[in-house]
Amino acid sequence: MKNIVLTGFMGSGKTTIGKLIAEKLDIKLIDTDSEVIKEFGMTIDKIFEVHGEKKFREIETRVIERVSKLENVVISTGGGIVLNPENVKLLRENGVIYFLYASAESILKRLKDDDTRPLLKNGDKLSNIIRLLNMRMPFYKNCDFEINTDILTPELAAEKIISIHLAKESKR
């Protein structure tokens with residue numbers, strides 16, 4: 001089975017929904033942010049602080065090069081993974097990309113108490129979310145399927161992705 005690749009902005013539900021999909025299909029979940037943390041030995045917040053975003057993105061791509069070769073897994077990606085077209089190309093070779101969409105307001109509600117997001121630390125959180133979301137949207141749209149997590153519970157979103165994925169796989 002091709003990998004299920006979840007992309008989308010921070011707070012869109014990638015990790016939560018990824019866990020549910022992996023559980024229901026009894027397959028492994030790979031969270032690229034967790035893999036970067038393991039590889040670097042520090043939190044993403046700390047990586048940004050000490051080494052900057054550029055270094056973080058380099059490590060992120062190295063992680064994608066590795067995990068995109070796996071088979072039959074759920075890959076929950078970091079929110080900015082799609083900014084590098086090479087990452088998307090690698091993920092698509094052995095996976096189906098599902099863009100989890102959430103509105104800026106929903107993201108703000110989900111992240112209101114989260115102070116670990118380096119790209120949202122300075123200035124007004126909602127303004128930062130809107131700016132980044134607008135800038136990244138064309139990259140997120142380069143997907144195979146779009147799932148609106150504003151209108152679906154994580155359980156329903158997971159079931160919808162599984163249903164789409166299994167139907168697509170049965171046609172291969």
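Modeller: A salt bridge here is a side-chain nitrogen of Lys or Arg within 4 Å of a carboxyl oxygen of Asp or Glu. By this rule the predicted model holds 13 salt bridges.

Colleague: What makes glutamate 49 and lysine 46 a salt bridge?

Modeller: Their side chains meet at 3.3 Å, N to O. The cut-off is 4 Å, so the pair counts.

Colleague: How far apart are glutamate 49 and lysine 46 along helix H3?

Modeller: They are three residues apart, which is about one helical turn.

Colleague: Why is glutamate 49 called exposed? And what is lysine 46?

Modeller: Exposed means over 50% relative accessible area. Glutamate 49 has 60% relative accessibility, so it counts as exposed. Lysine 46 has 37%, and is therefore partly exposed.

Colleague: What makes lysine 54 and glutamate 58 a salt bridge?

Modeller: Their closest N and O atoms are 3.2 Å apart. Lysine 54 counts as exposed because its relative accessibility is 65%. Glutamate 58 has 38% and counts as partly exposed.

Colleague: Which other lysine meets glutamate 58 in a salt bridge?

Modeller: Lysine 55 does, at 3.7 Å from N to O. That too is within 4 Å, so it counts. Glutamate 58 and lysine 55 are three residues apart in H3, again about one helical turn. Lysine 55 is partly exposed, at 32% relative accessible area. Elsewhere, salt bridges that share partners join Glu35, Lys38, Glu39, Arg62 and Arg66 into one network.

Colleague: Lysine 2 is buried. How do you know that it has no salt bridge?

Modeller: The nearest side chain of opposite charge is glutamate 169, at 6.5 Å. Lysine 2 sits in the segment before strand E1 (3–7).

Colleague: Which residues does lysine 2 touch, not counting those up to four places away in sequence?

Modeller: Arg92, Glu93, Asn94, Gly95, Val96, His165, Glu169 and Arg172. Glu169 is on that list, though it makes no salt bridge with lysine 2.

Colleague: Turn to helix H4 (85–93). How do you know that its buried residues lie on the same side?

Modeller: Asn87, Val88, Leu90 and Leu91 are buried. They cover an arc of only 165° around the axis, which puts them on the same side of H4. The face turned away from that buried side carries the exposed residues Pro85 and Glu93.

Colleague: What do the buried residues of H4 pack against?

Modeller: They pack against E1, helix H3 (44–67), strand E3 (73–76) and strand E4 (95–101). At the start of H4, a side-chain oxygen of asparagine 84 reaches to within 2.9 Å of the backbone nitrogen of glutamate 86. The polar-contact limit is 3.5 Å, so this distance lies inside it.

Colleague: Where is aspartate 26, and where is asparagine 72?

Modeller: Aspartate 26 lies in the loop between helix H1 (14–25) and strand E2 (28–31). Asparagine 72 is in the loop between H3 and E3. Aspartate 26 counts as exposed because it has 71% relative accessibility. Asparagine 72 has 33%, so it counts as partly exposed.

Colleague: How many residues has the largest nonpolar core, and which have the most contacts inside it?

Modeller: The core has 33 residues. Phe9, Ile75, Ile107, Leu133 and Tyr140 have the most contacts inside it. Among the elements giving two or more residues are H3, E3, H4, E4 and helix H6 (125–140). H3 gives the most, with eight residues.

Colleague: What is phenylalanine 9 in contact with, leaving aside its neighbours within four places in sequence?

Modeller: Its contacts include Ile107, Leu133 and Tyr140, and also Lys14 and Arg136.

Conventions
Residues are numbered from 1 along each chain as its sequence is written. This is a predicted model: local features need pLDDT of at least 70, side-chain atom pairs count only at pLDDT 80 or more; totals for chains, interfaces and linings use all residues. Side-chain values use heavy atoms; hydrogens and water are left out. Helices (H or I, at least four residues) and strands (E, at least two) are DSSP runs, numbered from the N terminus. Buried means under 20% relative accessible area, exposed over 50%, partly exposed in between (1.4 Å probe, protein chains only). Lys and Arg count as positive and Asp and Glu as negative; His and the chain ends are not counted. Contact means heavy atoms within 4.5 Å. The arc is that of the directions from the helix axis to the C-beta atoms. A polar contact is a pair of N or O atoms within 3.5 Å; within protein, one must be able to donate a hydrogen and the other to accept it, and residues adjacent in sequence count only if both atoms are side-chain atoms. A nonpolar core is a set of buried Ala, Val, Leu, Ile, Met, Phe, Trp, Tyr and Cys residues joined through side-chain atoms within 4.5 Å.
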